[in-house]
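Here are some short notes for a first look at this model. Please keep the structure open while reading.

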Amino acid sequence: QVEEFVAATLQRACVSPARGPGAAAEAQTLAMAMGLVAAMLSGAVQLQSGDFAVLKRLVPLLEELSRTYPEPLTQELATDLRIAICTHGAFSPGTVGAAADGVLGKKPGTGAQSPAGNPGGTPCPGGGWAPLRHGRSSPSAPRERSEEQSASHETGTAGPAPAPCADSPAPAGLQELLVSAYDCQPPGRAAALRHLSSLIMQRDPEALRLQEKILQVFLENVQHEDAFVYLSAIQGVALLSSEYPERILPVLLARYGCPARGMEDTTAAITRMKLGEVLMRVTRALGDMVFKHREPLVQAFLRGARDPDGALRASSLSNLGELCQRLGFQLGSIVQEVTSCLTAIAKTDPEAEVRRAAVHVVVLLLRGLSEKATEVLRDVLRDLYRLLKHVVAAEPDGATVLHAQLALEELDAVMRRVLFPPQVLEKKIVVLP
């Protein structure tokens, strides 16, 4: 309900900025709405990842407000709120804390502190806010805040240093990278993502402490339309997943299986295909350790092969074929499910590209298993043979027929080697003692 109220207020302010006799009331309403968001971001409410997903619906409205609203202070607060939401509070300028204090009716410095440090403004008498001019734009602000924090620690009581907490603020350098990861210009955004990836590769302690926020930044940039940006994000997610597969892989598999709400079908399918590329990079990085995650990966790609979007179905089958190669084609108990899915798709899918991908996975299975095919696929070998004969006889797509013919040739060669092993002309000589 709070999000709906704030969204309606921001929408009205974007369409018709406050003018005329009711300008003061409209401005106060806008200040109250933005102050509510600032209060939530400043710690008045304990926010979870799902709450940030709701708040991100306000990001386009805040961006438009920062460009079109005539009042400079409102533009500045809108920009700062957008940054705080996008970084999940890792970087929260002083204006956000000032706006929160104004709504909560507290004096500056006594209210809920934002992760960035002290608030940078004072509340207005009418419940609004008045951020200081240097709250965000001063380049020395992060350094001053860090100096104040270090001074307060020095004057405090002596004792052991507390363990680092994932919710504690990020260092100034890492904050700048997190903000730059949402830069409007793709080169700056991609550079920030690659820098974050290098920190993960170097196992930087601060970056690893904020791995959940950094993962969220990477996953959001995966949805970017610029190839340079989303490929950098894919690389970052793959690096983070290879370091912490137990934590990151379940998140990736959940995202791959269930796209975010509110996305268009085409956009969701493209995002899931990018996540499929992330999963394949993770399997390559894991090496032999991928056997531990075999079943959830195979199940995820089988579900993707039944998606309404044809491109995603073909992509999932391609990923399934590569995964089988990485597993050494040792599918275990799920081989029946894999072959049943491939048979159904090759016979009934309406798109030739998807049928072609299904037959290609069969080719990879037979070629990769070679002589082991009769042992690993003994329960489904006859069904695969009938499928390939059906494709050759009834498939209208020439490329799919070619794949099926190659698979039949591979199967024929395997069966000949099993039924007619090569004759070895040798004589055993035994030397008696």
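1. Which residue lies over the face of Tyr-256? Arg-272 does, at 5.7 Å from the ring centre. Bear in mind that this is a predicted model.

2. Tyr-256 also belongs to an aromatic pair. A search of the whole structure finds one such pair. Its rings are those of Tyr-256 and Phe-301, with centres 5.6 Å apart. The planes stand at 85°, over the 60 degrees needed, so the pair is edge-to-face.

3. The pair links distant parts of the chain. Tyr-256 is in helix α14 (residues 245–257). Phe-301 is in helix α16 (residues 294–304).

4. Next, look at how α16 packs with helix α15 (residues 265–286). Their axes are 12 Å apart, at an angle of about 155°. That angle is over 145, so the helices are roughly antiparallel to each other. The crossing of α15 past α16 is left-handed.

5. Which residues make this contact? From α15 come Arg-272, Leu-279, Met-280 and Thr-283. From α16 come Leu-297, Phe-301 and Gly-304. Two names return here. Arg-272 lies over the Tyr-256 ring, and Phe-301 is the ring partner of Tyr-256.

6. One further ring deserves a look. The charged end of Lys-274 sits over the ring of Tyr-230. The distance to the ring centre is 4.0 Å.

Technical notes: Residues are numbered from 1 along each chain as its sequence is written. This is a predicted model: local features need pLDDT of at least 70, side-chain atom pairs count only at pLDDT 80 or more; totals for chains, interfaces and linings use all residues. Side-chain values use heavy atoms; hydrogens and water are left out. Rings of Phe, Tyr and Trp (its six-membered ring) pair if their centres lie within 6.5 Å; planes under 30 degrees apart count as stacked, over 60 as edge-to-face and the rest as tilted. Helices (H or I, at least four residues) and strands (E, at least two) are DSSP runs, numbered from the N terminus. A charge sits over a ring if NZ of Lys or CZ of Arg is within 6 Å of the ring centre and within 35 degrees of the ring normal. Axes are lines fitted to C-alpha atoms, for helices over the stretch in contact, and angles run from 0 to 180 degrees between N-to-C directions. Angles under 35 degrees count as roughly parallel, over 145 as roughly antiparallel, 65 to 115 as roughly perpendicular and the rest as oblique. A crossing is left-handed if the near helix is turned anticlockwise from the far one by less than a right angle, and right-handed if clockwise. Contact means heavy atoms within 4.5 Å.
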